[in-house]
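Here's a quick briefing to read with the model open beside you.

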Amino acid sequence: MSKYRRLARPAAVVGVAALALAACGGGSSGGSSSASPSGASGYNAAMTSIVNVSSVNGGTLKIGSNSDCDSWDPARTYYANCWDMQRLFTRTLMGYVSKPGTAGTAVAPDLASGPPTISSDVRTWTYHLQTGLKWDDGTPLTTADIKYGIERVFATDVINGGPSSYYLTLLDNEKTPYAGPYKDKTGQPMVDGAPSITTPDATTITFHLTSPYSDFNYIMALPAASPVPQAKDTGANYTKHPSATGPFMIDTYDVGKSISFKRNPNWSQATDKIRTPHVNAVTVQIITDPDAEDQALKSGQIDVEQDGTGVQSTFQAEILSDPNLKKYADKAGSGFTRYLVIPPSVVPNVHCRRAIAYALNKADLLLARGGSYGGAIANTMELPSLPGYDPNANAYPTGADNTGDVTKAKAELALCGQPNGFSINEAYVNKGKAAKVFAATQQALARVGITVVSAPGDNASYYSTWIGSPSNIVNHKLGLLQAGWGPDFPTGYGFFSSIVGPPILPSGNTNYASLNDPVINGLLTQSLTATDAQKPAIFKQLDAQVMSLAVMIPYVYDYALDYRAPRLTNVYLQAGVGYIYDFVNLGVSDGK
Amino acid sequence: MIRYIIRRLLGALLVVFVISIATFGIYFIAPKVTGSDPSYLYVGRHGTPAQVAAVRHAFGLDQPLVKQYWTYMSGIFRGRTFTDGVSTQYCPAPCLGYSFQYQESVTGLIKDRFPVTLSLAIGASIMWLVGGVAVGIISALKRGTFIDRASMVIALAGVSLPVYFTGLLLLFIFTYGPPALRWFPNAGQGYVPFTQDPWGWFTALMLPWISLAFLFAALYARLTRASMLETMGEDYIRTARAKGLRSRTVVGKHALRAALTPIVTIFGLDLAGLLGGAILTEYTFSLQGLGKLSIDAIAKQDLPVIMGVVIVGAILLVVANIVVDVLYAVIDPRVRYS
Amino acid sequence: MTAIDAQAGNIQGPPVTSFLAVRDLHVTFPTEDGLVRSVDGVSFSLEKGKTLGIVGESGCGKSVTAQAVLGLHKGTRAEISGEIWLDGTELVAADAEDVRKLRGNKMSMIFQDPLSALHPFFSIGSQIVEAYRIHHDASKKQAWVRAVEMLDRVGIPNPSERARDYPHQFSGGMRQRAMIAMALVNDPQLLIADEPTTALDVTVQAQIIDLMSDLQKEFGSAIIIITHDLGVVAEIADDVMVMYAGRGVEYGGAPDVFYSPEHPYTWGLLSSVTRLDRVREDRLRPIPGTPPSLLNVPRGCAFNPRCTYRNTGGIPCQVERPNLVATTPGHTVACHMPAEDRRAAFIGDIKPTL
């Protein structure tokens, strides 16, 4: 009798029942819908403004989440919403400014007293720490702590899971790699025969990079660059009680179950221009079922969802049909581009690839990804929030209604010598939206005689060894790869470097098309020493070049329909972490 | 009887041993089929091959299979030491390994989650046993009447509706529904320890109990009804009535005892199975029990946790089997002397 | 000789003087396939200290009759009509609770297969104790003493130890003795034995019959013994009633029924019995045909499809049901054949072959 041992989330089944209930359960949300103070709440207001500006202090922010963060150790977490949570208790040299819209993609000094001094070859970066900074236990914060925090990232056997590759590549050499402070108690990372991180005094820290890197401020804004007090570092166990430099600190943490934060008495507002906390405590409750989580949000039991992936279809239907609910909803995004990769190793002829690009039915693909509230049609690889984004660029126009240009597709097929089409295998993870995208591409390409055959990969290994292994792509003749990409930090280089340029790894490779184009590589290198004013032109050109090769065909920018509880104040979507509500700055209007 | 129990215990040990080997084997064979390596799940997005190798080494996954198995199993009896990079820690016997995901002793994790599953399983089992058996007896005695037909139809519904459906329905009405019906506001928010807040523990578990119990009660009602009907047709029931016993004695003492023996057997096994984790119920109501633990472990291919949960679950079931068999021998004297 | 109710169909007859009198008993079971007339007008009577044997094939209604006497059909869907008089009390119309008090007390029953008729989970002793305590206000200890006493009385060796054993630990014969002990623990004045020896070995059969006979002499109870085994009936019965398709077809003293039977069915039964002292023929002579389904009893005489004397001389075998009519004093037969013809047929055709 093991009827209960399956696990499949039948959102559709429950959705039907829940819809019926919702219809008879009354349409009002749990909280009061009295008029709110300034920063008017309206649909999508948090994308462009700060909603419900208020200086009311006090109370507890109740966050809900489907699961515990991958790690609370700042060096080991890689989920966007967990990086957002890190802003509660972790500060870094630089940090994302707390501004709505694309302005939120900029970084400003956080622990640093001002912007860094950068050498002319863009390889040496010197930061000065503010004075008087303290840890949550009152001990002074020094640059040695920052150095140690970055050094432990090199112990990749213990400190794993985070974006360590940036630090390993920029701050260490390949010949004598540094093994991390646990194994190598006296050594340190070296570049060109000298230590790459130097701390001449307690408030100065200098980084010597292996090569120019104009986006280094962003590398210093990732949680992995947080300071860590060596005396409190318990290696793999540090995740259970990381120290705090931010306005909050961890109060109780039940691994995998719940976490709560209280105020950090040793944080000073005067030193922090990014955070303006209002509440006294933050609780995170884990509600595993996403529909139940939505209901908890609707009924006011939680104020906001940590996951940042939007509400489920049931609640979405309720929101869209009830103006009293819709004014608290935002179409958040986008932090992700969805695209199809056509590896030249399998489809060598550029015209065959272009035929596919013209034949795609992007309107259908948008529906497959969740419709107009789940995304927007994409014609460029770059996200709208990145420098160089050109809303008019469209290398392969698919018609005014975006259903595809069959004529042009057929013309390209003739040019590539396959006028009657061909057969091609599509790689994807066989569930949910990916399966729908597969069906949509199959249908669209069939119109021009291209037969799309299913070649699904396992969920756990899809990105690591299915499409992440160039040899596997060739072995299984995977001609179409479903992929999505969101940058680790919102710069052109941060977006493009991992997906269009070297290194090409044998497994866990993210340059799925195995591109090694000299023009693209040149533009990437150029951007590493360019000024901010020069970058938009560089990336616009880069995007165009990538598109011309027809190896990556973007079709949707992911959006998510989010909902914020009516009592929340100072609400806006933080673009730097990927358009998620900025938890650290939230307040509650009733002060409870 | 003692010899019988000892023989069964030895057999049980063998079964658990075989299960542990099978689980271990599946864990390693499956990736060869799907081409994945659990280490990838722990290195983040841009894991270089060197980092992947470092993680594999840290998890001991680069050692020969037999050695890995031996290390794991001997750790159960001897305890093991682990390093977290900074220091070494000793994990005393029975040490079921260290979770890849949580960096915690699996034994500790299981001990921590077990009370949740235990509360869920025991509460639900009492509900379904009492409810299901009562309905089954009444249906059997009033066979063919409206009560009988109505309860069997409801039982059919109970058996057909999945737990997550019933659970979510209950949540939608009694936790998040119209304010007048929010009788169980703290359901779906996780477990409240009994020692911390007995009333909260009770109210948080009531809806999960009902969801789970509804399913089983339906089954037990049908089973009890069938068993009762069969028993009531037995000759010794006629003898009991011929002796002039009251109806309630005939049913309550003579019939029930015999009719319930198969129920007892199945109950023992059902309860033991649930103690290994009621996955769907725990998921629906955000209860962090063994079921949730095992599902998360499978998603993250956290081998030590998987092994630990499977072994514990197997032991529970195997012991339950023995207990149930012994119980059967206690109830039915004919079995004792065979 | 027992007083017999000569007017079998007369419900409102003269006052009953027998210890047990059954008058025109009908027991019908409504089923989805129709009405099953298990007992279709049965009448007999019995005095204390006497034994009545009821014989017939399987399905003829013997057990249903016995269970009706005990009131075991009360509260079920069976429809019962007629009268059952036990020592001056009418049972059919009586309250179920009143009949329950008599059951196992004044009248008790033993069943065919003691292994399935005794509860496997309780010891023999405790089952007898239960039978005793339900009708007497006694402590467990007192009841246990009585139980052991009864086991001893029925001839079970080591009764105080064996009382603690379970039914499956007894041999077949001992089990039946134990069942008898349980039935007699309350000194019933009427004992009904439903196929008491069918499940036993031949040698054990004899012992059980002897036991019952002894107990009857000792306690003076009336016994009804139901069986299809004529040999058993011959041993112990004073009167015999032959049943067919829910009715009595011949009823009289044992000598009459055995030596001067007048119903073709009875002839058939007697012919079917093998005897060592008979001339060996090539085959047994079974009664042709099979017993009728009680849903669909043949029209007229229920036996007519199997009767070699059917319709001889224009008798209305297929049209009219024959009633039990006296042929010699104390001997009734339900057959359309004239009495002389029957006797002639018996002496001529049947007797030589027995």
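Helices here are DSSP runs of H or I with at least four residues, and strands are runs of E with at least two, numbered from the N terminus. On that count, chain B has 13 helices and two strands. Keep in mind that this is a predicted model.

**Chain B as a whole**

- Chain B has 338 residues, and 46% of them are buried.
- Take the contacts in chain B between residues at least 6 apart in sequence: 64% of those join residues at least 24 apart.

**Where chain B meets chain C**

- On the chain B side 17 residues are involved, and they contact 23 residues of chain C.
- Three elements of chain B give two or more residues each to this side: α8 (235–242), α9 (247–275) and α13 (333–336).
- The top contributor is α8(B), with six residues.
- By residue type, the chain B side splits into eight charged, six nonpolar and three polar.

**Cis peptide bonds in chain A**

- G333(A) and S334(A) are joined by a cis peptide bond, with omega at about 5°.
- If you want to find that spot, S334(A) sits in strand β14 of chain A, which covers residues 329–341.
- P502(A) and P503(A) are also linked by a cis peptide bond, and omega is about 5° there.
- P503(A) belongs to the loop between α16 (492–500) and α17 (518–528) of chain A.

**Positive phi in chain A**

- N402(A) isn't a glycine, yet its phi is positive, at about 60°.
- Look for N402(A) in the loop that runs between β15 (375–377) and α12 (406–415) of chain A.
- A residue is buried with 20 or more other C-beta atoms within 10 Å of its own and exposed with 12 or fewer. N402(A) has 19 C-beta neighbours inside 10 Å, so it counts as partly exposed.
- S514(A), another residue other than glycine, has a positive phi near 50°.
- You'll find S514(A) in the loop between α16 and α17 of chain A.
- S514(A) counts as partly exposed because it has 17 C-beta neighbours inside 10 Å.

Notes: Residues are numbered from 1 along each chain as its sequence is written. Chains are lettered from A and ligands numbered from 1 in the order in which they are written. This is a predicted model: local features need pLDDT of at least 70, side-chain atom pairs count only at pLDDT 80 or more; totals for chains, interfaces and linings use all residues. Two residues are in contact if their C-beta atoms, placed from the backbone, lie within 7 Å. Ala, Val, Leu, Ile, Met, Phe, Trp, Tyr, Cys and Pro count as nonpolar, Asp, Glu, Lys and Arg as charged, and the others, Gly among them, as polar.
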